[in-house]
Amino acid sequence: MNKTMVELHICTSGKTCPKRGSCEIAKKLKETVSSLNLDDKVLVHEEGCMGLCRSGPNIIAMPYGTKYGYVQETDLPKIVQENADKMAAHSKTG
Ligand code: FES
(Lines give C-alpha, C1' and ligand atoms only; values in the text may rest on other atoms or scores of the structure.)
Protein backbone atom coordinates (compact mmCIF):
# COMPACT_ATOMS: atom_id res chain seq x y z
CA MET A 1 0.00 0.00 0.00
CA ASN A 2 1.18 3.48 -0.84
CA LYS A 3 1.50 5.28 2.49
CA THR A 4 1.45 8.77 1.03
CA MET A 5 -1.74 8.36 -0.95
CA VAL A 6 -5.35 7.72 -0.10
CA GLU A 7 -6.76 4.72 -1.92
CA LEU A 8 -10.49 4.71 -2.49
CA HIS A 9 -11.67 1.17 -3.21
CA ILE A 10 -15.06 0.92 -4.86
CA CYS A 11 -16.90 -2.29 -5.64
CA THR A 12 -17.77 -2.36 -9.35
CA SER A 13 -17.82 -6.06 -10.19
CA GLY A 14 -19.73 -7.73 -7.39
CA LYS A 15 -23.28 -8.93 -7.92
CA THR A 16 -25.08 -6.12 -6.11
CA CYS A 17 -23.24 -2.80 -6.28
CA PRO A 18 -23.12 -2.53 -10.10
CA LYS A 19 -26.91 -2.98 -10.18
CA ARG A 20 -27.10 0.04 -7.89
CA GLY A 21 -24.96 2.22 -10.15
CA SER A 22 -21.48 1.68 -8.71
CA CYS A 23 -19.80 1.68 -12.14
CA GLU A 24 -21.17 5.15 -12.88
CA ILE A 25 -20.21 6.26 -9.38
CA ALA A 26 -16.65 4.95 -9.91
CA LYS A 27 -16.41 7.00 -13.10
CA LYS A 28 -17.69 10.08 -11.28
CA LEU A 29 -15.30 9.37 -8.41
CA LYS A 30 -12.32 9.49 -10.78
CA GLU A 31 -13.68 12.72 -12.31
CA THR A 32 -14.13 14.19 -8.84
CA VAL A 33 -10.52 13.41 -7.87
CA SER A 34 -9.31 15.12 -11.04
CA SER A 35 -11.61 18.11 -10.67
CA LEU A 36 -10.26 18.68 -7.15
CA ASN A 37 -6.67 18.42 -8.49
CA LEU A 38 -5.97 15.49 -6.18
CA ASP A 39 -4.72 12.95 -8.74
CA ASP A 40 -1.33 12.88 -6.99
CA LYS A 41 -2.92 12.26 -3.59
CA VAL A 42 -5.97 10.03 -4.18
CA LEU A 43 -6.10 6.79 -6.15
CA VAL A 44 -9.33 5.07 -7.18
CA HIS A 45 -9.34 1.27 -7.32
CA GLU A 46 -12.24 -0.65 -8.77
CA GLU A 47 -12.75 -3.88 -6.86
CA GLY A 48 -14.85 -6.99 -6.77
CA CYS A 49 -17.25 -7.76 -3.95
CA MET A 50 -16.00 -6.51 -0.58
CA GLY A 51 -18.61 -8.41 1.41
CA LEU A 52 -20.65 -5.29 2.16
CA CYS A 53 -23.29 -5.87 -0.53
CA ARG A 54 -26.26 -4.88 1.60
CA SER A 55 -25.02 -1.29 1.85
CA GLY A 56 -23.82 -0.95 -1.75
CA PRO A 57 -22.56 1.01 -3.54
CA ASN A 58 -19.59 0.88 -1.18
CA ILE A 59 -16.29 2.71 -0.89
CA ILE A 60 -13.52 1.79 1.54
CA ALA A 61 -10.87 4.46 2.08
CA MET A 62 -7.39 3.19 2.87
CA PRO A 63 -5.15 3.42 4.83
CA TYR A 64 -7.82 4.54 7.32
CA GLY A 65 -10.29 1.76 6.60
CA THR A 66 -13.23 4.16 6.58
CA LYS A 67 -16.31 2.55 5.06
CA TYR A 68 -18.91 4.50 3.12
CA GLY A 69 -22.15 2.75 2.22
CA TYR A 70 -25.16 3.69 0.08
CA VAL A 71 -22.81 6.08 -1.74
CA GLN A 72 -24.38 8.56 -4.12
CA GLU A 73 -22.75 10.91 -6.60
CA THR A 74 -23.44 13.87 -4.32
CA ASP A 75 -21.32 12.25 -1.56
CA LEU A 76 -18.17 12.01 -3.67
CA PRO A 77 -16.56 15.46 -3.23
CA LYS A 78 -16.88 15.14 0.56
CA ILE A 79 -15.44 11.60 0.61
CA VAL A 80 -12.49 12.58 -1.59
CA GLN A 81 -11.73 15.83 0.23
CA GLU A 82 -12.03 14.51 3.77
CA ASN A 83 -9.64 11.65 3.08
CA ALA A 84 -7.14 13.88 1.28
CA ASP A 85 -7.28 16.29 4.22
CA LYS A 86 -6.76 13.43 6.69
CA MET A 87 -3.71 12.23 4.77
CA ALA A 88 -2.31 15.78 4.58
CA ALA A 89 -2.75 16.23 8.35
CA HIS A 90 -1.07 12.88 9.09
CA SER A 91 1.87 13.55 6.79
CA LYS A 92 2.48 16.91 8.54
CA THR A 93 2.58 15.26 11.94
CA GLY A 94 4.72 12.41 10.63
S1 FES B 1 -21.42 -6.61 -4.55
FE2 FES B 1 -20.46 -4.81 -3.82
S3 FES B 1 -19.78 -5.35 -1.83
FE4 FES B 1 -20.68 -7.15 -2.59
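I take a nonpolar core to be a set of buried Ala, Val, Leu, Ile, Met, Phe, Trp, Tyr and Cys residues joined through side-chain atoms within 4.5 Å; buried means under 20% relative accessible area and exposed over 50%, with partly exposed in between (1.4 Å probe, protein chains only).

The model is predicted, and local features need pLDDT of at least 70, side-chain atom pairs pLDDT 80 or more, while totals for chains, interfaces and linings use all residues. Residues are numbered from 1 along each chain as its sequence is written, and side-chain values use heavy atoms, without hydrogens and water.

Core. I looked up the largest nonpolar core and found 19 residues. Those with the most contacts inside it are Leu8, Ile10, Leu29, Val42, Ile59, Val71 and Val80. Strands S1 (6-11), S2 (42-47) and S3 (59-62) and helices H1 and H2 (76-93) each give two or more residues to this core; the largest share, 5 residues, comes from H2. I use DSSP runs, numbered from the N terminus: helices are H or I, at least four residues, and strands are E, at least two.

Val71. I listed its contacts (heavy atoms within 4.5 Å). Leaving out residues up to four places away in sequence, Val71 touches Ile25, Pro57, Ile59, Leu76 and Ile79.

Helix H1. I find Ser22, Ile25, Ala26, Leu29, Thr32 and Val33 buried in H1. They lie on the same side of H1 because they cover an arc of only 120° around the axis, taken from the directions from the helix axis to the C-beta atoms. Exposed Lys27 and Ser35 are on the face turned away from the buried side. Asn37, which follows H1, has a positive phi, near 55°.
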